[in-house]
Amino acid sequence: MATFDQRNDRNGWSSDVATVTLSLDGVVTGWSEGARRLLGHSAPEVVGRAATDLLPR
């Protein structure tokens, strides 16, 4: 199975782009290397968590 970044590369998206995908119920399902660089969290830290957990309080 291809990683999130490998799929993005095939789609022509640069890894310099922060790409985050969510399920319909707001759970993070994908997190690019660009998102890690921009937002400071790795994919294993955020995939499976609610997107609202990532917002500043």
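**Why these labels? Questions on a predicted model**

Author: The side chain of Ser32 comes to 2.9 Å from the backbone nitrogen of Thr19. The model is a predicted one.

Reader: What makes the approach of Ser32 to the backbone nitrogen of Thr19 a polar contact?

Author: The cut-off for a pair of N or O atoms is 3.5 Å. The side chain of Ser32 reaches the nitrogen at 2.9 Å, within that limit.

Reader: Where is Ser32 in the chain, and why is Ser32 called buried?

Author: Ser32 sits in the loop between strand E2 (28-31) and H2. Buried means under 20% relative accessible area. Ser32 has 1%, so Ser32 counts as buried.

Reader: How many salt bridges are there in the whole structure?

Author: A search finds 3 salt bridges.

Reader: Why is the pair Glu33 and Arg36 called a salt bridge?

Author: The nitrogen of Lys or Arg must be within 4 Å of a carboxyl oxygen of Asp or Glu. For Glu33 and Arg36 the closest N and O atoms are 2.4 Å apart, so the pair meets the definition. Both residues belong to helix H2 and are 3 residues apart, about one turn of the helix.

Reader: What makes Arg37 and Glu33 a salt bridge, and how far apart are they in helix H2?

Author: Their N to O distance is 3.7 Å, and the limit is 4 Å, so the label applies. Arg37 and Glu33 are 4 residues apart in helix H2, which means about one helical turn.

Reader: Which residues are linked in a network of salt bridges?

Author: Glu33, Arg36 and Arg37 are. Glu33 has a bridge with Arg36 and another salt bridge with Arg37.

Reader: Are Glu33, Arg36 and Arg37 buried, exposed or partly exposed, and how do you know?

Author: Under 20% is buried, over 50% is exposed, and partly exposed is in between. Glu33 has a relative accessible area of 27%, Arg36 has 34% and Arg37 has 41%. Each value falls in between, so each residue is partly exposed.

Reader: Why are Arg49 and Asp53 called a salt bridge?

Author: The closest N and O atoms of Arg49 and Asp53 are 3.8 Å apart. That is within 4 Å, so the pair counts. Arg49, at 33% relative accessibility, is partly exposed, and so is Asp53, at 36%.

Reader: Which residues form the nonpolar patch on the surface?

Author: Val20, Leu22, Leu38 and Leu39 form it, with about 370 Å² of accessible area together. Strand E1 (20-22) and helix H2 (33-39) each give two or more residues to the patch.

Reader: How many helices and strands does the chain have, and in what order do the elements run?

Author: There are 3 helices and 2 strands. From the N terminus the order is α-β-β-α-α.

Key:
Residues are numbered from 1 along each chain as its sequence is written. This is a predicted model: local features need pLDDT of at least 70, side-chain atom pairs count only at pLDDT 80 or more; totals for chains, interfaces and linings use all residues. Side-chain values use heavy atoms; hydrogens and water are left out. Patches are made of residues with over 30% relative accessible area and no salt bridge: like charges are joined within 9 Å, nonpolar side chains (Val, Leu, Ile, Met, Phe, Trp, Tyr) within 5 Å. Accessible areas come from the Shrake-Rupley method with a 1.4 Å probe; for residues, only the protein chains shown count as cover. A salt bridge is a side-chain nitrogen of Lys or Arg within 4 Å of a carboxyl oxygen of Asp or Glu. Buried means under 20% relative accessible area, exposed over 50%, partly exposed in between (1.4 Å probe, protein chains only). A polar contact is a pair of N or O atoms within 3.5 Å; within protein, one must be able to donate a hydrogen and the other to accept it, and residues adjacent in sequence count only if both atoms are side-chain atoms.
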